[in-house]
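Subject: Handover of a structure

Dear colleague,

Please find below the structure that I am handing over to you. My notes on what was found in it follow.

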Amino acid sequence: MPPLVQASPTPPLTENNSGWRQERKHNSLSEVYASIRVPAANASFWRKLLAFWGPGLMVAVGYMDPGNWATDIAGGSRYGYTLLSVILISNLFAMLLQHLAAKLGIVTGRDLAQACRDHYSKPVAMVLWVFCEVAIAACDLAEVIGSAIALNLLFGLPLPWGVVLTILDVLVVLFFQNKGFRIIESIVAGLIVVIFGCFVYEILVSHPDYLGIAKGLVPQKEVITNPGMLYIAIGILGATVMPHNLYLHSSIVQTRAIEQTEPGKRMAIKFATIDSTVALFLAFFVNAAILVTAAAAFHTNGLFHVADITDAHELLAPVLGAGAASAVFAIALLASGQNSTLTGTLAGQIVMEGFLDLKLKPWVRRLITRGIAVVPALIVTILYGEKGTADLLVLSQVILSLQLSFAVVPLVLFTGSKAKMGVFVNRPLLQLIAWAVSGVIIVLNLYLLFNTFFK
């Protein structure tokens, strides 16, 4: 058996290049930094892949969280399979950006928040931190609402009580992280299997038009020319590419104890990219399955205006004639909400520690993040009920869209810097594609925000 290599738990915080203004004071997520051993370079491909497998699944969770469900359901019920191409393109964008995030973390030993704190002036860094905190709170809001809706659909638990119950997630995350980072990765993987299995069932019982699905994967001109379709398409993009995932991925790839050499880093980048790309294909399937199920169940039957998770749940069983369809849908929603909680709270810790260079006890940090999300969700559910939570879910996705550019631009800028990345700097073609993707995201999100607030 090939020997295992283990990096020092707290390696010297020295820089290999002159692109950074200050040396790092802390490792990202220091309690789990370099805590997972990886095989030596001469080990088999599959042993190395298994060692690096995990962070990609945690990142993929953000691409199938409850915030995505409403846009996918609306797209499927209103326009059938046409917007499948938008989900595919959004996932291709995500694969590129997550590759850059992993590379930044592996090469520089900094997560994206730490890199922003070093590169920008203090006022600019503070603005970026505030924007990111708002985005994480919005994402957490979607998770809280999604979990509360799922508990209501499955057990009849009133929405306010479901919102309050989600506070316990903080304790669950803290408990399992103390057991080791691999435990959290395993829990996430298990819940993804549940979500995946649920939607395999939904597709089978909905009997979709498979030729229509194939056509939907090919981009159509009407996605751009039809204003209603374009609006939902941009919503899908905004709900798919999640800003907090870029911060999260740049940090959790550092849980692997790699050799701090050029070959060691190249191996880590290779397997981290395979990990995240395969995981994002799973996320693509889930998002596509939600849209396909909505198209087959609702659009085909003339129900063109189903855009609410609760309405979709109530209509699935009678429309499809499969008694378990609604229950399976709710189980997938609950698993999605719980999974997103695990990764969202970690992202909150990474962002606060990275931007502020501030170490808080994990339970304090997570309680703050969850409290920011629970309070508005609780107020809205008490005052406005289901309709209010649905509107709040949509608003959370608009907020995420606003923040996205402020995470993507620094990431592309840093990974394209020879001074910061050395021999690992983005090649010219990759950098050109990355800036083009950034430009598309910025323009489309500005359009979405304009239509949301000024029309």
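**Findings**

Glu143 is buried, at 2% relative accessibility; buried means under 20% relative accessible area, exposed over 50%, and partly exposed in between, with a 1.4 Å probe and protein chains only. The model is predicted, so local features need pLDDT of at least 70 and side-chain atom pairs count only at pLDDT 80 or more, while totals for chains, interfaces and linings use all residues. Residues are numbered from 1 along each chain as its sequence is written, and side-chain values use heavy atoms, with hydrogens and water left out.

Glu143 lies in helix H6; helices (H or I, at least four residues) are DSSP runs numbered from the N terminus. Between Glu143 and Ser336 the C-alpha to C-alpha distance is 8.0 Å, although 193 residues separate them in sequence.

Val127, Val130, Phe131, Val134, Leu402 and Phe406 make a nonpolar surface patch of about 450 Å². Helix H6 (122-155) and helix H17 (362-415) are the elements that give two or more residues to this patch, and H6 provides the largest share, 4 residues. Phe406 belongs to helix H17 and is partly exposed, with 31% relative accessibility. Accessible areas come from the Shrake-Rupley method with a 1.4 Å probe, and for residues only the protein chains shown count as cover.

The count of disulfides (pairs of cysteine sulfur atoms within 2.5 Å) is 0. Cys116 is in no disulfide, and the nearest cysteine sulfur, that of Cys132, is 8.5 Å away. Cys116 is buried at 0% relative accessibility, and Cys198 is buried with a relative accessible area of 9%.

With kind regards

Notes: Patches are made of residues with over 30% relative accessible area and no salt bridge: like charges are joined within 9 Å, nonpolar side chains (Val, Leu, Ile, Met, Phe, Trp, Tyr) within 5 Å. A salt bridge is a side-chain nitrogen of Lys or Arg within 4 Å of a carboxyl oxygen of Asp or Glu.
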